[in-house]
Amino acid sequence: MSFFVILLIFNALATASAIVCASRSYRRYGSAGRAVFAGLGGLMILPLLFVLATAMATPRAARLP
């Protein structure tokens, strides 16, 4: 996969994660400010899991010394 495809996946996961976190926070607490902060906090949840899974799936021979 090219770098741009990985970047697109990373951004799509970040956006989806932020939307889910913000909407759940708004439904639970009813505060727009709290939902914004939850969305900002959720920006890195799914992309971080994607990066960790990719790093763990990389063969040892392909890793830098």
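The model is a predicted one, in which local features need pLDDT of at least 70 and side-chain atom pairs count only at pLDDT 80 or more, while totals for chains, interfaces and linings use all residues. Residues are numbered from 1 along each chain as its sequence is written, and side-chain values use heavy atoms, with hydrogens and water left out.

As for confidence, pLDDT (the predictor's confidence in each residue, from 0 to 100) averages 84 over the protein, and 91% of the residues score at least 70. Helix α2 (residues 32-42) comes out highest, at a mean of 90, and helix α3 (residues 45-57) lowest, at 80.

On to the fold: there are 3 helices and 0 strands (DSSP runs, H or I of at least four residues for helices and E of at least two for strands, numbered from the N terminus). The radius of gyration, taken over C-alpha atoms, is 15 Å, well over the 11 Å that the globule rule gives for 65 residues, so the protein is more spread out than a compact globule. That rule is 2.2 Å times the number of residues to the power 0.38. The C-alpha trace spans about 50 × 20 × 15 Å along its principal axes.

S17, in helix α1 (residues 3-29), counts as buried because its relative accessibility is 5%. Leaving aside neighbours within four places in sequence, S17 is in contact (heavy atoms within 4.5 Å) with G42, I45 and L46.

Note on methods. Buried means under 20% relative accessible area, exposed over 50%, partly exposed in between (1.4 Å probe, protein chains only).
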